[in-house]
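Me: I would like to learn how to read the features of a fold, one at a time. Could you take me through this one?

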Amino acid sequence: MKPKSENYITLEFLSRSANEGFARGAVACFAAQLDPTLEELGDVKTAVSEAVTNAIVHAYPDKLGKIVIKARILEDNVLEISVRDWGRGIPDVEKARQPLYTTGGEERSGMGFTIMESFMDRLTVRSQEGKGTRVTMRRRIRPRRQLP
């Protein structure tokens, strides 16, 4: 059963590298309503940046395509972020999640999924060759103690 959203946004944009910063900033602004620490916000921004960059570089290496981000606030201050593309897909998701594995050439580090996993509480990757990939991440934002 899908958890009920308390709030959500949907963003759609072209797989241009210039849009990576926009996506990162937009999700950070949405997440701000949970009153995250600067460290939590930085972690979310980094994970979004990695997911969007993966879609730009790997899903659409030779053309522009569509990327959709959905961000939801769930019960218990959980932020869920889904980054979806309709690109070439990942032939072997488990292999792709291994540190240092890349199909992006020498200039790519192969650490995208590892970074996302380290900054988020949960990471799910679903992909089908020729049909695209959906990366879903969750992070609980710890409530801060309110001053009297």
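Reply: Arginine 72, for example, is buried, with a relative accessible area of 13%. Keep in mind that this is a predicted model, where local features need pLDDT of at least 70, side-chain atom pairs count only at pLDDT 80 or more, and totals for chains, interfaces and linings use all residues. Residues are numbered from 1 along each chain as its sequence is written, and side-chain values use heavy atoms, with hydrogens and water left out.

Me: How many helices and strands does the protein chain have, and in what order do the elements run?

Reply: Helices (H or I, at least four residues) and strands (E, at least two) are DSSP runs, numbered from the N terminus. The protein chain has 4 helices and 5 strands, and from the N terminus on the order is β-α-α-β-β-α-α-β-β. Buried residues make up 45% of its 148 residues.

Me: In what order do the strands form the sheet, and is the pairing parallel or antiparallel?

Reply: Strands of a sheet pair through backbone hydrogen bonds, either parallel or antiparallel. Two strands count as paired if DSSP finds at least two bridges between them. Here the 5 strands form an open sheet in the order S1-S2-S3-S5-S4, with antiparallel pairing. Strand S1 (5–14) and strand S4 (122–128) stand at the edges with a single partner strand each, so one side of each has no neighbour in the sheet. From one strand to the next, the twist averages 10°; axes are lines fitted to C-alpha atoms, for helices over the stretch in contact, and angles run from 0 to 180 degrees between N-to-C directions.

Me: How many bridges join S1 to S2, and over how many do S4 and S5 pair?

Reply: S1 is joined to strand S2 (residues 66–74) by 9 bridges, and tyrosine 8 has arginine 72 in S2 as its bridge partner. S4 and S5 pair over 7 bridges, with arginine 122 partnered by arginine 138 in S5. The hairpin of S4 and S5 has 3 residues between the strands, and glycine 130 takes a positive phi near 80° there.

Me: Which strands does helix H2 lie across?

Reply: Contact means heavy atoms within 4.5 Å. Helix H2 (residues 38–59) lies across S1, S2, strand S3 (78–85) and strand S5 (132–140), and runs at about 175° to S5. For helix H1, look at its buried residues: Asn19, Glu20, Ala23, Ala26, Val27, Ala28, Phe30 and Ala31. Their cover includes S1, H2, S2 and S3.

Me: Which residues touch the most other members of the largest nonpolar core?

Reply: A nonpolar core is a set of buried Ala, Val, Leu, Ile, Met, Phe, Trp, Tyr and Cys residues joined through side-chain atoms within 4.5 Å. The largest one has 35 residues, and Ile69, Ile81 and Met137 touch the most other members. The elements giving two or more residues are S1, helix H1 (18–31), H2, S2, S3, helix H4 (112–119), S4 and S5. H2 gives the most, with 9 residues. Leaving aside neighbours within four places in sequence, the contacts of methionine 137 include Ala47, Val48, Ala51, Ile81, Met116 and Leu123.

Me: Now the charged side chains: what is the count of salt bridges?

Reply: Side chains of opposite charge can pair when their charged atoms come close. The rule asks for a side-chain nitrogen of Lys or Arg within 4 Å of a carboxyl oxygen of Asp or Glu, and the count comes to 5 salt bridges. In one of them, aspartate 43 pairs with arginine 139, with the closest N and O atoms 3.0 Å apart. This pair links helix H2 to strand S5 across 96 residues. Aspartate 43 is buried at 11% relative accessibility, and arginine 139 is buried at 12%.

Definitions and conventions
Buried means under 20% relative accessible area, exposed over 50%, partly exposed in between (1.4 Å probe, protein chains only).
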